[in-house]
Amino acid sequence: MKIRAVSLNNVRRFTHPARVDQVADGLNVLCEPNEEGKSTLFDAIQALFFKPHGSRDKEVSSLRPHVGGAPEVSVEVETEDGRFILAKRWFQKPFATVHRDGGLVAQSDEAEAWIGTLLGGDAGGPSGLIWVRQGMTDLTAGSKKEQDAALEARRDLMTSVGAEVEAMTGGRRMDAALARCREELANYATATGRPRANGPWKEAQDRVEELALRRNGLATTAQDLHDALAERKRARRDLRELEAPEAAQERRERLEAARTAHAAAERHAEKLEAEARKVEMARLTMDAARTRLESLHATLTEQSEATRLVADAEADAKEQQELLEQQRTSRDEADRAFQAAEAALKDAERGNALALRAKAALDGADRRKELSERIAQAERARSTMEAAAAARRGPDAETLRRIEALAAAHAAAVAARNASATQVVARYAEGREGAIRDGDAPLPAGKPVPLARITHLMIKGVGELEVRPGEAGDDHSVEAAAEKLRKALGEVDADDFDDARAAADVRAKTERRHDEAAAVLASLAPDSIDALRDALGRIPELEEDCEAPDPEEAEAALDRAREAREAARLARETAMERFSDLRNAASRAEATLASLRDRLARAEAALAKSGEVSEDDLATEARQAVDVHEAAKAAHEEKARNAPDLAGTGAVVNRAESVEQQARDEITRLKPLLARLDERIGRSAGDAVEERLAETEQELEAAEGTLARIEHEVAVLTRLEKALEASRNEARERYFEPIAKELKPLLHLLWPDAELTWGEESLLPDKLVRNGQSEPIDILSGGTQEQIALLVRLAFARMLAASGRKAPVILDDALVFTDDDRIERMFDALHRQAGDLQIIVLTCRQRAFRELGGKALRLEPVTAANETEVC
């Protein structure tokens with residue numbers, strides 16, 4: 001079956017007939033914005049094929065327009081028998097018809113049966129497999145009824161193409177064997193393979209565990225009894241050995257001998273320490289004598305050296321001072337010579353400047369005269385400009401044009417008001433002129449006077465006449481225009497427009513005079529009058545009573561004065577440098593002399609502190625101190641040579657005391673221990689532990705045999721269950737082989753080497769396997785889930801076609817969450833399947849689906865022209 005055209009009338013927003021026609025084989029695309037009727041078209045097709053014409057359920061009611069009416073849908077289909085037009089209407093005058101070539105084939109119930117046969121008798125038909133409503137991209141979406149219908153359709157399709165219904169479960173005998181195996185296994189274990197509570201396996205385990213605990217306890221008790229007997233034997237032996245009289249006597253004698261030897265060693269150590277203190281005292285005395293001798297010798301040497309150095313420094317300081325005084329005189333003479341040369345240079349510079357000024361004055365006399373005349377003319381032009389600027393008042397041209405426009409606006413407003421306002425014309429009797437007054441002014445005779453607002457006219461001898469014009473007379477445009485004009489005139493200090501125009505003429509004349517004077521000033525003094533004055537000031541003016549020298553002679557004299565000054569400067573600087581060097585040398589000589597004198601004073605002070613003792617006396621005292629130290633050292637060494645080992649005797653004493661104390665402690669410990677062991681052995685001997693242990697071991701051996709038999713049976717049943725399940729899984733793989741074969745090339749467009757695993761109950765993919773990693777379908781992203789769902793529907797469509805039940809694939813916004821890269825590959829999948837299938841894609845994503853291609857469809861209103869064309 002292929003759809004060629006669809007017509008709608010009174011279906012939701014289509015209150016007038018609308019039609020999609022020229023639906024081709026392969027891929028067809030209806031791409032329209034939201035709310036243009038794509039989902040309405042899908043629901044209408046669904047209703048025609050699956051809703052009886054007498055139905056009034058929720059789905060059919062949702063097709064009615066808001067304004068009411070009977071929904072009417074017709075679909076033109078093409079089968080192997082030709083083209084047919086299927087039509088249905090619901091609610092008012094419902095009908096169902098099937099026409100072919102203008103002739104009625106079936107109507108009412110016969111038409112419903114004919115449509116059911118066209119769909120293959122399926123309750124859900126292709127809708128649950130290859131027709132996707134908007135918002136239901138998931139394979140498991142929809143109501144419970146729709147899900148059940150889709151499941152039945154999948155099961156029927158899988159059964160018809162695979163012929164493996166019985167093989168999928170391995171036959172009823174395999175089911176019975178697997179059920180019996182699981183039933184037997186359930187007596188022993190839970191579904192997770194653990195022993196079932198209160199079952200034979202659990203009871204056998206508990207019995208073995210109980211007997212093992214009892215056996216371990218009795219074994220521990222028996223071992224404790226054996227250990228207590230052995231320990232009591234050892235304790236009695238150790239106690240006899242420790243309490244033996246000869247052993248106790250030997251320990252006391254050993255301790256006493258050790259203490260005596262240690263006391264003798266301590267007394268010898270005290271004597272040795274006294275000798276050591278004598279050696280230290282002699283060493284200190286010897287070091288002090290040597291220090292005093294060395295100090296006296298160093299002080300005498302320092303005094304002699306300091307005396308010699310002081311004499312040399314005094315002679316050097318005297319010599320440096322004499323040289324400094326000589327250089328001071330030379331420096332003063334050089335400085336006086338430089339001052340004289342400096343004064344001569346200044347006189348020569350004055351003479352040369354006077355000569356140059358006189359020459360420049362003669363050369364610039366004409367230039368001074370010209371600049372003086374230009375300065376006078378420029379000052380007159382500037383005075384003219386200042387006078388013109390002071391007289392420049394009144395409005396400029398732009399301001400005058402603005403005032404003129406405001407005056408014209410005011411005149412136009414007055415004219416407009418007078419044209420529409422109430423007018424009063426006074427015609428006085430002879431001798432009564434001015435008897436009617438408007439305020440203080442008399443009303444003119446024979447002249448219309450407009451009254452724009454309420455006016456009180458005073459009639460002399462009569463009273464007051466109040467004139468109230470109509471609503472049109474209450475216009476404020478004249479006052480507004482007059483106010484703007486008064487404000488503009490006030491800004492330029494003019495009473496009226498004529499005064500403003502006269503002031504503007506005066507301003508224009510003044511500006512012309514100012515511009516003319518500015519042009520003259522710019523030509524005379526382009527850089528300002530001050531610049532001219534500066535230029536005039538730079539030209540020298542010769543004084544009348546001044547005698548100037550010849551310029552060449554003045555310049556030669558100036559050169560000679562400069563050379564003399566430079567020579568004097570060099571001589572002065574050389575003298576000052578020599579004086580500075582000599583002054584520094586004299587200062588260093590004085591500092592050295594002062595330092596050496598301090599050194600000599602310190603040596604003499606140190607020598608005075610040593611008193612009247614001579615160097616020979618100190619040397620004798622040092623030799624005697626050395627002899628005393630050597631004697632004390634020899635006595636100490638002799639004493640130390642025969643000294644006993646104090647640490648060794650102390651260690652012997654400690655060991656003897658430790659042995660004695662350990663013996664007492666051990667005796668104290670063994671006596672209570674023997675009492676406890678006697679009590680424990682006596683108690684255990686009466687419980688028949690050995691006999692009870694032998695009985696328990698026999699019971700445990702029997703219980704372990706029972707447990708081993710049950711565990712063997714459980715292992716056999718578990719292995720049998722796995723073998724039966726593996727056989728059934730193998731059959732299930734054969735069951736899903738057709739859909740997997742159709743789906744594999746489509747799936748590899750997105751994920752090379754990927755595959756799907758299928759749910760046995762749902763007959764739908766439950767996991768996606770990529771790169772060896774299995775991922776449940778429900779945790780994948782929304783885009784990935786909708787891509788898998790669409791590929792599965794395309795595979796189902798190919799299987800329907802293979803089973804002889806070709807039906808169009810209708811997708812209403814089936815790709816919502818797919819990214820740009822994958823949507824290109826989904827387009828390739830659609831074109832791949834469109835080779836021998838009819839696919840109708842409904843979408844609002846105009847930009848994204850522009851690259852899909854296929855036949856473009858249009859849902860358009862049915863007009864007289866295209867209705868004739870269709871007919």
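**Close-up views of a predicted model**

**View 1. Arginine over an aromatic ring: R64 and F91.** In this predicted model, R64 is placed over the face of F91, 4.3 Å from the ring centre.

View 2. R572 lies over the face of F338. The distance from the ring centre is 4.0 Å.

**View 3. The aromatic pair F49 and F50.** Two aromatic pairs are found when the whole structure is searched. F49 and F50 form one of them, with 6.4 Å from centre to centre and 50 degrees between the planes, a tilted arrangement. F49 has a relative accessible area of 5% and is buried.

**View 4. The aromatic pair F84 and W114.** The ring centres of F84 and W114 are 4.8 Å apart and the planes stand at 50 degrees, so this pair is tilted. Because F84 belongs to strand β5 (residues 82-89) and W114 to helix α3 (residues 108-118), the pair ties together parts that are 30 residues apart in sequence. F84 is buried, at 5% relative accessible area, whereas W114 is partly exposed, at 22% relative accessibility.

**View 5. The open sheet β11-β10-β13-β14.** Four strands make up this open sheet in the order given, with antiparallel pairing. The edges are β11 (441-442) and β14 (463-467); each has a single partner strand, so one side of each is left without a neighbour in the sheet. Strands of a sheet pair through backbone hydrogen bonds.

**View 6. Pairing of β13 with β14.** Strand β13 (residues 455-459) runs antiparallel to β14 and is joined to β14 by five bridges. H456 has E466 as its bridge partner in β14.

Definitions and conventions: Residues are numbered from 1 along each chain as its sequence is written. This is a predicted model: local features need pLDDT of at least 70, side-chain atom pairs count only at pLDDT 80 or more; totals for chains, interfaces and linings use all residues. Side-chain values use heavy atoms; hydrogens and water are left out. Two strands pair if DSSP finds at least two bridges between them. Helices (H or I, at least four residues) and strands (E, at least two) are DSSP runs, numbered from the N terminus. Rings of Phe, Tyr and Trp (its six-membered ring) pair if their centres lie within 6.5 Å; planes under 30 degrees apart count as stacked, over 60 as edge-to-face and the rest as tilted. Buried means under 20% relative accessible area, exposed over 50%, partly exposed in between (1.4 Å probe, protein chains only). A charge sits over a ring if NZ of Lys or CZ of Arg is within 6 Å of the ring centre and within 35 degrees of the ring normal.
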